[in-house]
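Hi,

Here is the structure I said I would pass on.

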Amino acid sequence: MPPEMLLLAALDGLAYGSLIFLVAVGLSLIFGVLGVLNVAHGSFYAIGAYVAAAGVLALTGMGLPPWLAFPFFIVAAVLVGVIVGGLVETLLLRRIYGKEEVLQLLVTFAVFMILEDAQKVVFGVQPYFANAPMNWLGTIEVFGIFYTQYQLILIPTVALLVLVGLRLFLRRTAFGRAIVAVTQDRDAATAMGIDATRVYLITFIIGASLAALGGALSSATTSLTPGIGSGMIVLSFAVAATAGLGRIEGAAVAALLIGLGRSVAVYFAPEFDVLIPYLIMVAVLLIKPEGLFTTVQTRKV
Amino acid sequence: MARQLIIGAGLLAALIIFPLLSPWSTVILTVALCEGLAALGILVLLRAGQVSFGHGLYFAFSAYVVAFMAAARFGHEVLILVPVATAASGLLAALVGLFVVRYRAIFFGMLNLAISMVFFSLLEKLFSITGGADGKRVPRPTLAGISLERAEFELWIFYITLGLAVLAALGVARYLLSPGGKALEAIKSNETRLEYLGVSSRKVLFGAYVLSGLLAGLGGAVIALVSGHVTPELAYWVRSGEFVFIAILGGVGGVVGPFLGALMFQIIRGYAAVYAPETWHAVLGVMLLVIIFFAPNGLYGLMTGRKPAGTGQ
Amino acid sequence: MSALILEARDLELRFGGVQAANGASLKVHANERIAIIGPNGAGKTTFINLCTGYLKPQAGRVFFGGSDITALSPRAITRLGVGRSFQIPQLFLENTVIENLLLALSARERTWSPFLRLDRHPKTEEMWALLDIVGLKDAGRRVVRELPEGMRKLIDIAVALALEPKLIFMDEPTSGVSSHEKFQVMDTLTRALDARATTAIFVEHDMDVVARYASRVAVWAGGRIAHEGTPDEILNHPEVRETVIGVGV
């Protein structure tokens, strides 16, 4: 196999892994704090992508400079997180904390079905393609291969910032510590005066915003069609499960692993690229059923 | 129990008579029975407190087995196609089951979803073998050696499916009352005690999983026959979600539930096609939420007046 | 002395900075009635968890009937003939008492035919006899969820007995029973154990029960069996009286 193809695959994997990290870390964070696996998480990704693409198309249509897209991506992600995520948490999830896991899965699955159709109604079924931000950043030459700066530098940088930012937020800020406290022992945290309801809401909004940010960033690199959300939920679950649900740094490692595995497959066995992430997940789970980075749980009886 | 028999017998009588009065309904009712069978498989798993968002896999796998055999003119006969395809689904379920029965709740549900999505993608991508997104045509096979006209064929298939569905429902009902069925429920209520009885919860769940794969496979085989065409959509998550929806809508309190749910599902689909063609899954989502929050025992629960489980104070 | 049937040898377990077991050793002989006493939260349940496979020791071994069972699952250990009732009863809450017991009997008899109805199980008579041992025949048709904790604890014991274990661990068997009924429950329970030649290890806080029903007493302190002896020796041991029973000499 030619070495430049391997390099190309590695760079692709870096970009792709960074993108799925953003989505998976949100899923993992929500699970870690709320104990709910949010099946509708893929929808937040898709909605973020559509809002971003529609915004960029509107911006460029008005003749505004394409760099405005970057601040807009952040605004779009936060808006999606606060409005859609906030509504889902307050109206529905709040009623099912502490219930059977299966019931929680069913409720978020119902939300998923609703949001998938809502996207089609709002954004239509025609493909969206808004690559102006990617073109604006130009390309970079690495060992004789031209690569877009957007995918090679911007997306991995954002992912790294999110990883470091989340770590600092959870360890250094009062609210971050409150989140960690609620995760470890909700009753004790509540007794200490922490408002668990608020912690849940804000965590959910952060998680949803991260998925939407992943979507927004992806919107410049690919054309958007209905159904991207469903692919992303299983993919981000594969990443989160490989890492161990609730593991933030682990999600970064797993995302890179799966991203690289998949890009290698894209170059060498394109029919089977979709299989690779799941093969990696299955292999990991067979050896470590709780994921790569999860520690042993304590006794219940 | 008596009430279950009355509701079941009433439903059966209606199903026997209806296609005779209105021939246009034959195919729709057959489809409902097929989806009811798959939902019955979901019910079995729900008894253990597990939900699969990926049983479209077995539905589609069986349908494609029928399509491939029919295309190869190999055993082009209903009485061969249906058992072989169903058994093939059972085998696939046994293979996948070896892996997924190690997991519960979130992992169980999501791993099933992931595996079915992989299968869906392969069906779409391996164009040269599967025909890609266009799928494959299923030429009409013989029935007991006789080549039938379309209308006759459909009517016969309907009654055969109805018979199989009745057998499946009675079999599942019997199983759920047996020690093994109670052990299956024990996975939901207290797996620790089950292990401390010396019972392997994985084995119990494995049996139930293979049964659910067989039921979905039976439904999928018949769907391939009556629609004359298979597409990857049969394995898509939407399909799997519909089975879960039907099971919850019908209620998991009795084996009649999934079939009630499947009939209601066809009615909803009919209305949605007219009034909400673009948003019909959103309609399902909203209904699912309404059932979960306000009628947790589904239609069957409403008809038998069963109180929600867990509130029996 | 009769045959050695269970031996725990130097069990070690540490989690989250807590030394839950620290060189715990115990030898159990056939037909003994061993009471484990010790302060609340000292890890007596952990010791049972280690012996029945729910937790794996980081060091040390457990032998049952001469074979090493340290690495076995609770399921495998149960099948070898070790039964267990729990501090918090582990039952199938949505099922009736009858169903709970019949399922245990099905597990013992391996009657898994899908054509057999659980409520027509051939061992139904034995099921009623088991309920009689714990004095709960009247509650048979009720759903476990509706029953008070004390009754659940007794059903939990009956479920463990249904497996006809050679050795049974009971975690505070009488904690849910009112004090004037304790002796009555323990009397029938002991008779049932005698009739089945079942060896028993039970965690107990009531020293009257210990004095009357234990053949030997083991004191759990500091993650191991700190003292062993007859009820007389232990209950009059000055150090034990002070630290465990809470009565100064």
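For its 249 residues, a compact globule would have a radius of gyration near 18 Å, and chain C has 18 Å, so the two agree. Bear in mind throughout that this is a predicted model. The C-alpha trace of chain C spans about 55 × 40 × 40 Å along its principal axes. In secondary structure, chain C comes to 9 helices and 10 strands.

Some other numbers for chain C: 54% of its residues are buried, and its accessible surface is about 10,700 Å², with carbon and sulfur atoms accounting for 49% of that. On the charge side, chain C carries 29 positive and 30 negative side chains, and the centres of the two sets are 6 Å apart. If you take the contacts in chain C between residues at least 6 apart in sequence, 65% of them join residues at least 24 apart.

Now chain B, which has 14 helices and 2 strands. Its radius of gyration is 19 Å, close to the 20 Å from the globule rule for 313 residues, so chain B is as compact as a globular protein of that length. Buried residues make up 64% of chain B. For contacts between residues at least 6 apart in sequence, the share in chain B that joins residues at least 24 apart is 79%.

I also looked at one helix in chain B, α12 (residues 257–275). At 1.5 Å a residue, its 19 residues should span 27 Å, and the end C-alpha atoms are 26 Å apart, which agrees. Its buried residues include B:G257, B:P258, B:F259, B:F265, B:I268 and B:A272. What do the buried residues of α12(B) pack against? Their partners in chain B are α1 (2–21), α2 (25–47), α7 (150–177), α11 (237–250), α13 (280–294) and α14 (298–304).

One of those partners, α11, is where B:S240 sits. With a relative accessible area of 1%, B:S240 falls under the 20% cut-off and therefore counts as buried. Setting aside neighbours within four places in sequence, B:S240 is in contact with B:F53, B:G54, B:H55, B:G56 and B:S116.

Cheers

How values were computed. Residues numbered from 1 in each chain as written. Chains lettered and ligands numbered in written order. Predicted model: local features only at pLDDT ≥ 70, side-chain atom pairs only at ≥ 80, totals over all residues. Heavy atoms only, no water. Helix = DSSP H or I, 4+ residues; strand = E, 2+ residues; numbered from the N terminus. Rg over C-alpha atoms; globule rule 2.2 N^0.38 Å. Buried < 20%, exposed > 50% of the residue type's maximum accessible area, 1.4 Å probe, protein only. Contact = heavy atoms within 4.5 Å. Expected span 1.5 Å × (residues − 1). Areas by Shrake-Rupley, 256 points an atom, 1.4 Å probe, with all protein chains shown as cover. Lys, Arg positive; Asp, Glu negative; His and termini not counted. Charge placed at Lys NZ, Arg CZ, Asp CG, Glu CD.
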